[in-house]
Amino acid sequence: MRSEFLPFSTPTLEDAEINEVVDSLRSGWITTGPKVKRFEDAFRAYVGAPYAVPLSSATAGLHLTLLALGIKEGDEIITTPMTFASTASIPVLCGAKPVLVDIEPGTLNIDAGKIRAKITPKTRAIIPVHFAGQSCDLDPIFALAREFGLTVIEDAAHAAGAEYKGKRIGSFDSISIFSFHPNKNLTTGEGGMVCTPDETLAEEVSLLKFHGMSREAWKRFAASGTPNCDIVLPGFKYNMMDIQAAIGIHQLPKLDRFIDRRTEIAAFYNQALADVAELALPACGPYQQRHAWHLYTPLVRVELLDIDRDGFMAELKKLNIGTGLHYKAVHHHAWYREHLPQPAGSLPNADYASDRILSLPLFPKMTDEDARDVVEAVKDVIVKFKK
Ligand SMILES: *Cc1c(COP(=O)(O)O)cnc(C)c1O
């Protein structure tokens, strides 16, 4: 058993990030300013999006996107139950009803073939989530959106650097929302980005992110600016700070290297756990893609074991292996059970995954030995609790 605890994720922060943050602190300009602009430009160029709006989080991006689209009371938004709660909670907070569509059993992405049946005259948007960093099969989703006049908002929180049929996530004719939370493939501490080719939407999100102010503070206070500003609509306080962007500026050039290392570790897990009947390993969609491997999420086939998933995670912890839970399905959470109950058995694949899924350690700084320790611990727990 390993002597040191291995967390399920930890960010790779090196001297470049640290020095850039210190530079911001010493400069006297720590909030939204030139570094946010640099990060925005670099990220937009990397994903290939015409417009990118930096924000304090992906959740803020979802909120402002729905407001900018005019989502309101009575609207319906189609999404997946296998996601972080904010994907469904933000529609609720805008007065809309999240309509959950079941996932595919292998990729755990929304099952595009099951969306049509859930479209009603009230449907306004579809929010597919690129689960674990694997692109959803976007073509059928875009086709449905065109047929019914719906907006596609890609929850790309896991998918910085992912590609679908040779194009980066963030570059499609839709709206893509990225997260830079410390567990994600690229971090700014906390942060998010809305990417889109829709200039009007980008401008609206941009206005809403900072008090509805017509010009940004750093331009007002710069030597060439004037302190005057105008509030053109009531807005929020969702701007990204230069201290955050300072980290992102140095994370972005490493993103491809991070993903390559994640891919190596995922390939090792796939090979080392292939013959373990008690695990259902993550599957890849049949289309051409680049998986960003944000998470490695096997399902523990608890029906073959004398332990449940939570117990399995506790056993791994005793062996100094950390795990994550991504995710308990949205409709299994207390608020959703009460306010958005789903007919029993209507989301069978999400129900199955929700009770069995766990995230094994996966981050770029992991060594091959760390990955071997994980496999050994997983196999030890399975031997101990085999029926
Ligand atoms: C992390 C995450 C979010 C929220 O991102 P924040 O930047 O923390 O607001 C939304 N959706 C998914 C799928 C996520 O994993």
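This is a predicted model: local features need pLDDT of at least 70, side-chain atom pairs count only at pLDDT 80 or more; totals for chains, interfaces and linings use all residues.
Local features need pLDDT of at least 70 and side-chain atom pairs count only at pLDDT 80 or more, while totals for chains, interfaces and linings use all residues. Residues are numbered from 1 along each chain as its sequence is written, and side-chain values use heavy atoms, without hydrogens and water.

Helix α9 spans residues 255-272; helices are DSSP runs of H or I, at least four residues, numbered from the N terminus. Its 18 residues reach 26 Å from first C-alpha to last, close to the expected 26 Å (1.5 Å times one less than the number of residues). Buried positions (under 20% relative accessible area, 1.4 Å probe, protein chains only) include L255, F258, R261, I265 and Y269. The buried residues fall within an arc of 165 degrees, so they line one face of α9. The arc is taken over directions from the helix axis to the C-beta atoms. Packing partners of this buried set include α2 (34-47) and α13 (368-385) (contact: heavy atoms within 4.5 Å).

The ligand is surrounded by 15 residues, each with a heavy atom within 4 Å. Polar contacts are N or O pairs within 3.5 Å. A side-chain N or O atom of T59 lies 2.5 Å from a ligand oxygen. For D155, the side chain places an N or O atom 2.7 Å from a ligand nitrogen. Taken alone, the ligand exposes 380 Å², of which the protein buries 93% (Shrake-Rupley method, 1.4 Å probe).

T323 sits in the loop between α10 (309-318) and α11 (334-339). T323 is partly exposed, at 22% relative accessible area (the class between 20% and 50%).

Key: Helices (H or I, at least four residues) and strands (E, at least two) are DSSP runs, numbered from the N terminus. A polar contact is a pair of N or O atoms within 3.5 Å; within protein, one must be able to donate a hydrogen and the other to accept it, and residues adjacent in sequence count only if both atoms are side-chain atoms.
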